[in-house]
Amino acid sequence: MGVYDCNLRRGSNLDLEETLKSYLSHGHISKGAKSDIDRFIGWCGRERNAESLVAEEVAKYVQFVGGSTSDARRRLEPVRGFLVFAHSAGVMSSNLSSQIR
C-alpha cells in the first residue's frame, strides 16, 4: 500500500466527500486547511466519484483560486495533500496533485 495505511482500494468508487472523511481520519489538519479542501470538493461536486476527476479540472480550480499568488498557494497546499492522499490510498489512479505547482 502507499504512504497511508488504510483499507481503500482502486476502483472503490468513493465520492469526494467520503474521500475527505477518510483523509481527515488519518491525521490532524487545521480548520483552515479543512475549509480549503472543503471548498475544492464543493467546487468539483461533493457526491462526485473521486476517480472521475481529471487533471484539466484541477488546473481550472487552480486558476479559479488565483493561480500562483502567495494566498492561492497557501489555499492550494491542503488540496495538494488531499490529492496525494487520494492517489496513495488508491481512490484515484492518477496523481492529480501535480496540477498544483
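Mentor: Happy to. In the largest nonpolar core there are 26 residues, and the ones with the most contacts inside it are Phe-40, Leu-53, Phe-82, Leu-83 and Met-92. Here a nonpolar core is a set of buried Ala, Val, Leu, Ile, Met, Phe, Trp, Tyr and Cys residues joined through side-chain atoms within 4.5 Å. Buried stands for under 20% relative accessible area, exposed for over 50%, and partly exposed for what lies in between, with a 1.4 Å probe and protein chains only. Before we go on, bear in mind that this is a predicted model: local features need pLDDT of at least 70 and side-chain atom pairs count only at pLDDT 80 or more, while totals for chains, interfaces and linings use all residues. Residues are numbered from 1 along each chain as its sequence is written, and side-chain values use heavy atoms, leaving out hydrogens and water.

Which elements build this core? Two or more residues come from each of α1, α2, α3 and α4, and α4 gives the largest share, seven residues. The chain has four helices and zero strands, in the order α-α-α-α from the N terminus. Helices (H or I, at least four residues) and strands (E, at least two) are DSSP runs, numbered from the N terminus. Of the chain's 101 residues, 39% count as buried.

Leaving aside residues up to four places away in sequence, Phe-40 touches Leu-53, Val-58, Tyr-61, Val-79, Phe-82 and Leu-83, a contact being heavy atoms within 4.5 Å. Phe-40 also belongs to a cluster in which ring pairs link it with Trp-43, Tyr-61 and Phe-64. The whole structure holds six aromatic pairs. Rings of Phe, Tyr and Trp (its six-membered ring) pair if their centres lie within 6.5 Å, and planes under 30 degrees apart count as stacked, over 60 as edge-to-face and the rest as tilted. For the chain overall, 63% of the contacts with a separation of 6 or more are between residues 24 or more positions apart.

Now to α4. This helix has 19 residues and reaches 27 Å from its first C-alpha to its last, close to the 27 Å expected at 1.5 Å a residue; the expected span is 1.5 Å times one less than the number of residues. Even so, α4 bends by about 30 degrees at Leu-76, and a proline, Pro-78, follows within four residues. That bend is the angle between axes fitted to the seven residues ending at a position and the seven starting there. Buried residues of α4 include Leu-76, Pro-78, Val-79, Phe-82 and Leu-83, and its buried residues pack against α1, α2 and α3. Pro-78 and Ser-30 are 48 residues apart in sequence but 9.4 Å apart in space, C-alpha to C-alpha. Ser-30 sits in the loop between α1 and α2 and is partly exposed, because its relative accessibility is 47%. Just after α4, Gly-90 takes a positive phi of about 90 degrees.

Let us finish with the charged side chains. There are eight salt bridges in the whole structure, each a side-chain nitrogen of Lys or Arg within 4 Å of a carboxyl oxygen of Asp or Glu. One of them joins Glu-17 and Arg-46, at 2.9 Å from N to O. This pair links distant parts of the chain, 29 residues apart: Glu-17 is in helix α1 (residues 16-25), Arg-46 in the loop between α2 (31-44) and α3 (55-65). Glu-17 is partly exposed at 23% relative accessibility, and so is Arg-46 at 31%.

A network of salt bridges links Asp-36, Arg-39, Asp-71, Arg-74 and Arg-75. Within it, Asp-36 and Arg-39 have their closest N and O atoms 3.0 Å apart; both lie in α2, three residues apart, about one turn of the helix. Asp-36 is buried, since its relative accessibility is 5%, whereas Arg-39 is partly exposed at 41%. For Arg-75 and Asp-71, the closest N and O atoms are 3.4 Å apart. Arg-75 and Asp-71 are separated by about one helical turn because they are four residues apart in α4 (residues 70-88). An α-helix has 3.6 residues a turn, so residues three or four places apart point the same way. Arg-75 is partly exposed at 22%, as is Asp-71 at 38%.
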